[in-house]
Amino acid sequence: MTNYKSDLLRLLDERGYIHQMTDAEGLDALAAKQVVPGYIGFDATAPSLHVGSLVQIMMLRRLQQTGHKPVVLMGGGTTRIGDPTGRDESRKMLSDETIAANIASIRTIFEPFLIFGDGPTDAVMVDNQDWLGKLGYIELLQEVGTHFTINRMLTFDSVKLRLEREQPMTFLEFNYMILQGYDFRHLSKAMDVRLQMGGSDQWGNIVNGMELGRRMDGAQLFGLTTPLLTTAAGAKMGKTAAGAVWLNADQLSHFDYWQYWRNCDDRDVGRFLKLFTDLPLAEIARLEALEGAEINEAKKILANEATALCRGTDAAKAATETATQTFEKGHIGGDLPRVSAPAEGIGILNALREMGFAASNKEARRKLDEGAVKVDGTVIRDPHYLVVPGENDVPVSLGAKKHGLVTR
């Protein structure tokens with residue numbers, strides 16, 4: 001722990017958000033004396049962000065909690081290009097209508113976490129299409145292109161990875177880092193944004209933007225990245241066997257979201273409580289010290305707090321009640337994932353996929369072979385089995401922790 005002067009860096013440090021900073025002393029001094037507008041960028045490639053983006057959302061929340069101004073940058077412009085960072089292939093091109101719909105949907109995710117408005121520390125959401133879309137190609141080359149060397153651009157991991165694997169990288173994608181750098185420069189001029197934050201894989205892009213702002217405007221800008229977040233088991237945050245853990249309730253039920261946190265590894269409980277809840281550090285220290293069966297109580301608190309933040313307290317209560325009814329009282333809870341079946345029934349493979357219990361038919365067959373699937377309490381191994389609901393819903397379970405209902 002470092003003795004920071006500012007509430008911002010002290011809070012980020014205590015709760016485990018800081019990986020790298022460009023000028024810790026300078027940022028600390030600035031944050032101690034004035035409101036610092038800071039931003040994080042999110043591309044609009046889907047209608048929802050997933051849990052892998054949650055640490056960034058919480059960083060913006062911490063910024064606001066310590067008296068600073070969060071700027072949520074939606075990449076309406078850069079989504080049209082696609083961030084090559086960490087990718088082996090080009091992203092699918094999306095239509096303008098799809099990108100606009102995705103941005104509208106993603107905005108609803110931020111509303112429980114941040115206070116939006118016109119005040120000095122109120123959050124704002126901006127779209128880089130508003131300025132990138134107006135840049136003329138020649139103007140961009142003349143004004144911005146001269147500040148980037150091909151030599152430097154080829155050293156970026158996002159580029160090197162593709163070249164080393166002899167995988168194609170389009171000229172369109174190669175421009176992404178230039179436009180991301182331009183975003184920081186634009187926001188610093190238009191909104192006095194002084195800080196860009198992001199995951200550790202964005203370090204090079206953040207430094208690029210800082211240097212561009214300094215060269216073009218003489219601006220003093222700062223960068224801060226979070227550690228690469230993986231579970232104790234080494235898995236990437238936000239991914240499960242059944243797919244992404246979406247933040248938007250339209251794409252993942254409250255119960256499944258609650259269950260994601262409830263099922264976390266014992267070793268992750270303390271870290272996740274610091275990153276993803278507002279519980280005081282003293283309470284977190286007490287919870288992470290629990291051992292044996294008691295650690296499950298800490299996991300339930302994590303699930304309740306994380307779900308309440310993202311989905312609301314009513315959603316957290318409903319998910320808790322469903323879990324209690326299903327796991328502790330042996331009843332079928334009302335908030336379980338449901339699949340509607342026609343009169344002739346639904347195949348067990350389809351049911352498992354639609355409930356999110358398996359990502360593919362192949363995985364569903366494997367679960368059947370393992371004897372992990374039960375329909376109304378009976379182990380089912382036949383991949384051609386039809387689940388036919390009558391007057392009552394039919395419970396389908398995968399192992400001891402995943403339960404769903406097939407309805408008429």
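Ser 188 touches Val 193 and Leu 221, when residues up to four places away in sequence are not counted. This serine belongs to helix H10. In this predicted model, Ser 188 has a relative accessibility of 11% and therefore counts as buried, the limit being under 20%.

Asp 192 is found in the loop that connects helix H10 (176-191) with strand E5 (195-199). The phi angle of Asp 192 is near 60 degrees, which is a positive value in a residue other than glycine.

Strand E6 covers residues 222-226, and five of its five residues are buried, so the strand is largely enclosed by the rest of the structure. In a regular strand, side chains alternate between the two faces of the sheet. In E6, Phe 222, Leu 224 and Thr 226 point one way, while Gly 223 and Thr 225 point the other way; all are buried.

Strand E6 pairs with E5 in the parallel sense, over five bridges. Within this pairing, Gly 198 has Thr 225 of E6 as its bridge partner. Strand E1, residues 20-21, is also joined to E6, here by two bridges and in an antiparallel arrangement. Met 21 stands opposite Leu 224 of E6.

## The five-stranded sheet

An open sheet with mixed pairing consists of five strands in the order E9-E15-E14-E11-E12. Strands E9 (338-340) and E12 (378-379) stand at the edges; each has a single partner strand, so one side of each is left without a neighbour in the sheet.

Strand E11 (residues 373-375) and strand E14 (residues 394-398) run antiparallel and are joined by three bridges. Val 375 has Val 396 in E14 as its bridge partner.

Ala 372 lies in the loop between helix H18 (361-369) and strand E11. Its relative accessibility is 21%, which is why Ala 372 counts as partly exposed; the buried class requires a value under 20%.

Leaving aside neighbours within four places in sequence, Ala 372 is in contact with Lys 367, Ser 397, Leu 398 and Gly 399. The C-alpha atoms of Ala 372 and Gly 399 are 5.1 Å apart in space, although these residues are 27 positions apart in sequence.

## The protein as a whole

The protein contains 18 helices and 15 strands. A compact globule of 408 residues would have a radius of gyration near 22 Å, and the value of 23 Å for this protein agrees with that expectation. The C-alpha trace spans about 70 × 50 × 40 Å along its principal axes. Among contacts with a separation of 6 or more, 72% are between residues 24 or more positions apart.

Buried residues account for 50% of the 408 residues. The accessible surface comes to about 18,900 Å², and carbon and sulfur atoms contribute 50% of this area. The protein has 45 positive and 53 negative side chains, with the centres of the two sets lying 2 Å apart.

Technical notes. Residues numbered from 1 in each chain as written. Predicted model: local features only at pLDDT ≥ 70, side-chain atom pairs only at ≥ 80, totals over all residues. Heavy atoms only, no water. Helix = DSSP H or I, 4+ residues; strand = E, 2+ residues; numbered from the N terminus. Rg over C-alpha atoms; globule rule 2.2 N^0.38 Å. Buried < 20%, exposed > 50% of the residue type's maximum accessible area, 1.4 Å probe, protein only. Contact = heavy atoms within 4.5 Å. Areas by Shrake-Rupley, 256 points an atom, 1.4 Å probe, with all protein chains shown as cover. Lys, Arg positive; Asp, Glu negative; His and termini not counted. Charge placed at Lys NZ, Arg CZ, Asp CG, Glu CD. Pairing = 2+ DSSP bridges.
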